[in-house]
Amino acid sequence: MGFAKASVRDAEVAGRRVLLRADLNVPLDGGTVEDDTRIRAALPTIELLREKGAAIVLCSHLGRPEGRDPELSMAPVAERLGKLLEIEVRLAPDVVGDQVSEMAGELGGGELLMLENTRFEAGETEDDPALSEALAALADTYVNDAFAAAHRAHASTEGVAHHLPAYAGLLLEREVRELTSVRDDPKPPLVVVLGGAKVTDKIGTIDRFLATAERVLIGGAMCFSFFRAQGVSTGDSLVEDEGVELARGVIERAAEPGAAELSLPIDLVLGESFDAGTERRELDGIEVPDGWMGLDIGATTSSRFADAIAEGGTVFWNGPMGAFELDPFAAGTLAVAEAIAEAPGRTVVGGGDSAAAMNKFGLAGGVDWLSTGGGASLELMEGRELPGVEALLPANPATADAKRSRSRA
Ligand code: ADP
Ligand code: MG
């Protein structure tokens with residue numbers, strides 16, 4: 001299956017300035033980068049552009065600042081990137097403006113300028129045309145490698161692409177290819193494991209896979225919306241009220257002919273509160289008594305889920321099976337992670353916390369594709385268009401020209 005967008009590989013950028021949007025939204029710990037996975041994921045495109053002789057104006061958002069917030073400056077990110085590349089990465093004082101334009105104008109081939117946090121500008125999340133134009137004026141070519149932000153139509157992810165020849169970066173291209181092939185062309189049987197906090201976040205994905213997968217396994221806090229819908233007592237478990245009706249619909253659709261086999265937990269691990277030091281108890285069943293909350297799937301469920309994963313021709317996992325941040329409640333998530341790492345089928349994992357779990361357990365190397373995108377990977381799986389991908393030039397240059405003249409008109 002081809003990727004239908006023009007690739008940075010084919011972009012002619014020698015001696016030109018490229019505005020590169022990456023997702024460098026890393027966790028910070030007191031002003032330093034706590035986990036640089038996303039910075040490392042952006043390196044191949046940065047290195048390719050440097051090899052091609054482009055001057056790079058790099059930008060990203062970081063956190064959710066309300067206007068300018070020095071605690072969410074890109075400074076620590078620029079510093080870490082400079083260390084990884086072993087070059088100086090200059091930091092612009094703003095996102096756009098005269099001083100920024102001047103600094104961009106001074107860049108030579110292979111050099112890098114990092115813009116300040118794009119969300120310091122209110123126009124970023126509003127996809128403001130004035131900000132898009134100001135960003136575009138900093139460069140001759142745009143490359144979007146920020147897959148994890150591609151489900152947002154923001155100025156730096158979408159708007160700017162209408163003002164410059166716009167190419168897909170290597171990471172974005174690979175993400176779309178890997179995830180689309182699980183969605184549209186999986187080697188059967190397709191086994192989908194979904195967990196995490198909320199049904200409302202994942203209902204589109206559940207529905208899609210109910211129709212296309214062979215098996216859908218559900219764990220995490222999400223399962224309590226299903227249990228509530230079935231009239232099973234959930235005690236003090238985290239139940240998303242809005243999710244209960246949705247879960248009821250899923251249960252109904254799962255009974256229709258042709259639907260995936262839907263599996264819910266049959267045993268649980270309970271705690272008295274969301275806390276590593278809390279009283280812990282294994283429950284052979286799913287009726288949660290008052291005063292207790294379900295914080296993990298039980299051992300029998302874990303081994304059934306692991307067996308299903310081992311039988312998958314393709315396995316997609318999103319969302320932890322329990323409160324895996326708390327060691328006494330991490331076993332179910334670990335069992336799924338290990339089964340995925342050992343599975344003979346093709347394995348793809350998406351979702352911030354699921355990826356964090358794979359990393360925490362040291363199993364990331366056992367997955368065929370570990371997506372950097374949470375919301376973006378789910379929206380793609382649902383079959384929704386990602387604005388940051390849609391805005392890029394089509395792969396075929398003839399149609400690309402046609403599109404360009406249309407968008408200028
Ligand atoms: P992802 O980022 O992989 O998409 P989510 O953000 O949907 O996953 O969910 C992850 C969160 O769900 C974790 O913080 C985890 O503690 C929480 N969680 C999972 N199962 C439970 C549970 N049974 N009770 C409370 N919280 C849970
Ligand atoms: Mg999450």
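This is a predicted model: local features need pLDDT of at least 70, side-chain atom pairs count only at pLDDT 80 or more; totals for chains, interfaces and linings use all residues.
Biologist: Is strand 4 (residues 55-59) enclosed or open, and how many of its residues are buried?

Modeller: In a regular strand the side chains alternate between the two faces of the sheet. In strand 4, Ala55, Val57 and Cys59 point one way and Ile56 and Leu58 the other, and all are buried. Strand 4 is therefore largely enclosed by the rest of the structure, the number of its buried residues being five of the five.

Biologist: Which residue of strand 4 stands opposite Arg17?

Modeller: Strand 1 (residues 17-21) and strand 4 run parallel and are joined by five bridges. Within this pairing, the residue of strand 4 opposite Arg17 is Ala55.

Biologist: Which residue of strand 6 stands opposite Ile56?

Modeller: Strand 4 is also joined to strand 6 (residues 112-114), by three bridges, and these two strands run parallel. The residue of strand 6 that stands opposite Ile56 is Leu112.

Biologist: On which strand do the buried residues of helix 4 pack?

Modeller: The buried residues in helix 4 (residues 129-136) are Leu131, Ser132, Leu135 and Ala136. They cover an arc of only 135° around the axis, and therefore lie on the same side of helix 4. The element against which these buried residues pack is strand 1.

Biologist: At the start of helix 4, which backbone nitrogen does a side-chain oxygen of Asp128 reach?

Modeller: The loop between strand 6 and helix 4 contains Asp127, which has a positive phi of about 55° although it is not a glycine. At the start of helix 4, a side-chain oxygen of Asp128 comes to within 3.2 Å of a backbone nitrogen, that of Ala130.

Biologist: What is the bridge partner of Val348 in strand 17?

Modeller: Strand 16 (residues 346-349) and strand 17 run parallel, with two bridges joining them. In strand 17, the partner of Val348 is Trp369.

Biologist: Which residues of helix 12 make the contact with helix 6?

Modeller: Two packed helices are described by the angle between their axes and the distance between the axes. The axes of helix 6 (residues 199-212) and helix 12 (residues 375-382) come within 8 Å and cross at roughly 35°, and the crossing is left-handed. Helix 6 contributes Asp201, Lys202, Gly204, Thr205, Arg208 and Phe209 to the contact, and helix 12 contributes Leu378, Met381 and Glu382.

Biologist: Which residue of strand 14 stands opposite Leu270?

Modeller: Three strands form an open sheet in the order 13-12-14, with antiparallel pairing. Strand 13 (280-283) and strand 14 (293-297) stand at its edges, each with a single partner strand, so one side of each is left without a neighbour in the sheet. Four bridges join strand 12 (residues 268-271) to strand 14. The residue of strand 14 opposite Leu270 is Gly294.

Biologist: Is Glu86 buried or exposed?

Modeller: Glu86 is placed in the loop between helix 2 and strand 5. Its phi is near 55°, a positive value in a residue other than glycine. Because exposure requires over 50% relative accessible area, the 72% relative accessibility of Glu86 makes it exposed.

Biologist: How far apart in space are Glu88 and Glu111, C-alpha to C-alpha?

Modeller: Glu88 is found in the loop between helix 2 (75-85) and strand 5 (89-91), and with 63% relative accessibility it counts as exposed. Glu88 and Glu111 are 23 residues apart in sequence, and their C-alpha to C-alpha distance is 8.1 Å.

Biologist: What is omega for the cis peptide bond that joins Pro188 and Pro189?

Modeller: Pro189 lies in the loop between helix 5 (170-184) and strand 9. For the cis peptide bond between Pro188 and Pro189, omega is about -5°.

Key
Residues are numbered from 1 along each chain as its sequence is written. Chains are lettered from A and ligands numbered from 1 in the order in which they are written. Side-chain values use heavy atoms; hydrogens and water are left out. Buried means under 20% relative accessible area, exposed over 50%, partly exposed in between (1.4 Å probe, protein chains only). Two strands pair if DSSP finds at least two bridges between them. The arc is that of the directions from the helix axis to the C-beta atoms. Contact means heavy atoms within 4.5 Å. A polar contact is a pair of N or O atoms within 3.5 Å; within protein, one must be able to donate a hydrogen and the other to accept it, and residues adjacent in sequence count only if both atoms are side-chain atoms. Axes are lines fitted to C-alpha atoms, for helices over the stretch in contact, and angles run from 0 to 180 degrees between N-to-C directions. A crossing is left-handed if the near helix is turned anticlockwise from the far one by less than a right angle, and right-handed if clockwise.
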